[in-house]
Amino acid sequence: MKRSLFMTMMVAALALALALPLYAAAPKAPAEGLAMKAPAGAKQPVVKFNHGTHKSAKCADCHHKKVGASEFAKCDSKGCHADYAAKTGKESYYAAFHGANAKSCLGCHKAVKDKSPNAPSACPKCHVKG
Ligand code: HEC
Ligand code: HEC
Ligand code: HEC
């Protein structure tokens, strides 16, 4: 009897130990090194985005459109930045990340470069090989 109680407790403790990291790893922002969606036939290495280095920005600075109550729209959602061919304009996928406005990756990095020298503008710093 005692032995089975001990076993039960061990199993419960093990289950808890396994479940805890799941809770800890289920924050709102996703894992680091999130592979961005590259257009078909992309020439540059795919960009991997880190949320951890962007805590100084508000979620809504980048995620400025929602689907339903809580889910963020993908950048290339219909009516958003879904035009893979255009280099400029509101619907251009390319311009969403390189446009001059301070909400694009490159636009923000250029705007903050004096305060934040670690915000890169050089191509291979975002388009990291390998
Ligand atoms: C601050 C980050 C950042 C910098 C710096 C940057 N890009 Fe990008 N670029 C992106 C993101 C994000 C995408 C979309 C995701 C992807 O294609 O990997 C993209 C996509 C592209 C694309 C379309 C996909 C392809 O590979 O053909 C081209 C072309 C491109 N970038 C060229 C450049 C060039 C040239 C430079 C340097 C002048 C540059 N980028 C600098 C973030 C950046
Ligand atoms: C500097 C810009 C930026 C900031 C700030 C930012 N994100 Fe993101 N996030 C992105 C990009 C880019 C993607 C990829 C979107 C896509 O694939 O269309 C993304 C993707 C996500 C995803 C989807 C992950 C997946 O696997 O598809 C979630 C969830 C998310 N972000 C949550 C957050 C939360 C919560 C915050 C605020 C605490 C935040 N983000 C702040 C740029 C940002
Ligand atoms: C609102 C401003 C802002 C936007 C938008 C933004 N960044 Fe940044 N980014 C920063 C700042 C500030 C830093 C420097 C953080 C530090 O000093 O550690 C940075 C750092 C980085 C770095 C170097 C650190 C690392 O994580 O490797 C990369 C790469 C990067 N950003 C990519 C991107 C990409 C890709 C996007 C668009 C999807 C983006 N950023 C959008 C402000 C921004």
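This is a predicted model: local features need pLDDT of at least 70, side-chain atom pairs count only at pLDDT 80 or more; totals for chains, interfaces and linings use all residues.
Local features require pLDDT of at least 70 and side-chain atom pairs pLDDT 80 or more, whereas totals for chains, interfaces and linings use all residues. Residues are numbered from 1 along each chain as its sequence is written, chains are lettered from A and ligands numbered from 1 in the order in which they are written, and side-chain values use heavy atoms, with hydrogens and water left out.

The iron atom of ligand 2 is coordinated by NE2 of H51 and NE2 of H63 at 1.9 to 2.0 Å, donors being N, O and S atoms within 2.8 Å of the metal (3.2 Å for Na, K and Ca). The six donor atoms around this iron atom subtend angles of 85 to 179 degrees, so the arrangement is octahedral (six donors, opposite ones over 155 degrees apart and all others between 65 and 115).

At 18% relative accessibility H51 counts as buried, while H63, at 28%, counts as partly exposed; buried means under 20% relative accessible area and exposed over 50%, with partly exposed in between, for a 1.4 Å probe and protein chains only.

Of the 16 residues around ligand 2, those that come nearest are H51, C59, C62, H63 and K74, a residue being near if one of its heavy atoms lies within 4 Å.

| Residue atom | Ligand 2 atom | Distance |
|---|---|---|
| H63, polar side-chain atom | nitrogen | 2.7 Å |
| K74, polar side-chain atom | oxygen | 2.6 Å |
| C75, backbone N or O atom | oxygen | 2.8 Å |

How values were computed: A polar contact is a pair of N or O atoms within 3.5 Å; within protein, one must be able to donate a hydrogen and the other to accept it, and residues adjacent in sequence count only if both atoms are side-chain atoms. Four donors count as tetrahedral if all angles lie between 85 and 135 degrees; four count as square planar and six as octahedral if opposite donors are over 155 degrees apart and all others between 65 and 115; anything else is irregular.
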